[in-house]
Amino acid sequence: SVAPQPRGKALVAVAVGPACLLVGALLGGLLTSTLSSDPAALVGCTAFGVSALLYMVCEELLVSAHEAGEDHIWWIDLQVYVGFLFSLLLDKAFDLFPAPPP
């Protein structure tokens with residue numbers, strides 16, 4: 001069973017999550033408006049965010065897949081990271097998706 005928490009701690013715990021989301025949204029908006037004059041930097045920042053999110057989702061899926069009693073295996077994470085990096089390097093090496101002309 002869950003022990004009751006003091007009211008002050010509960011209010012702080014409830015307020016911290018939305019406050020962090022608000023601060024993150026404000027910082028993201030500020031960064032985006034700052035980088036809007038440099039399209040390459042904006043694309044790089046967005047690509048980094050998307051790849052980090054993709055890696056985190058894959059990591060969580062791997063962890064939940066091994067909840068049946070096996071321990072977390074570090075080399076599986078390494079394989080996911082190397083595979084993701086390899087796909088990015090192949091894309092750059094062969095220019096599979098060239099940028100549209102200006």
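In which helix is Leu 89 found? In this predicted model, Leu 89 lies in helix α3.

The confidence of the prediction was considered before the local features. The chain has a mean pLDDT of 82, and 90% of its residues reach 70 or more. Within the chain, confidence is highest in helix α1 (residues 7-35), at a mean of 91, and lowest in α3, at 79.

Helix α3 covers residues 74-94, a run of 21 residues. From its first C-alpha to its last, α3 reaches 30 Å, which is close to the 30 Å expected at 1.5 Å a residue. The residue that follows α3 is Asp 95, and the phi of Asp 95 is positive, near 50°.

A nonpolar surface patch of about 750 Å² was identified. Its members are Trp 74, Trp 75, Leu 78, Tyr 81, Val 82, Leu 85 and Leu 89. Leu 89 counts as exposed because its relative accessibility is 51%, and the cut-off for exposed residues is over 50%.

The cysteines were examined next. A disulfide is a covalent bond between the sulfur atoms of two cysteines. With a cut-off of 2.5 Å between cysteine sulfur atoms, the count of disulfides is zero. Cys 45, for instance, takes part in no disulfide; the nearest cysteine sulfur belongs to Cys 20 and is 19 Å away. Cys 45 is partly exposed, at a relative accessible area of 33%. Cys 58 is likewise partly exposed, with a relative accessible area of 29%.

Conventions: Residues numbered from 1 in each chain as written. Predicted model: local features only at pLDDT ≥ 70, side-chain atom pairs only at ≥ 80, totals over all residues. Heavy atoms only, no water. Helix = DSSP H or I, 4+ residues; strand = E, 2+ residues; numbered from the N terminus. Expected span 1.5 Å × (residues − 1). Patch = residues over 30% accessible without salt bridge, like charges linked within 9 Å, V, L, I, M, F, W, Y side chains within 5 Å. Areas by Shrake-Rupley, 256 points an atom, 1.4 Å probe, with all protein chains shown as cover. Salt bridge = Lys/Arg side-chain N within 4 Å of Asp/Glu carboxyl O. Buried < 20%, exposed > 50% of the residue type's maximum accessible area, 1.4 Å probe, protein only. pLDDT = per-residue confidence, 0-100.
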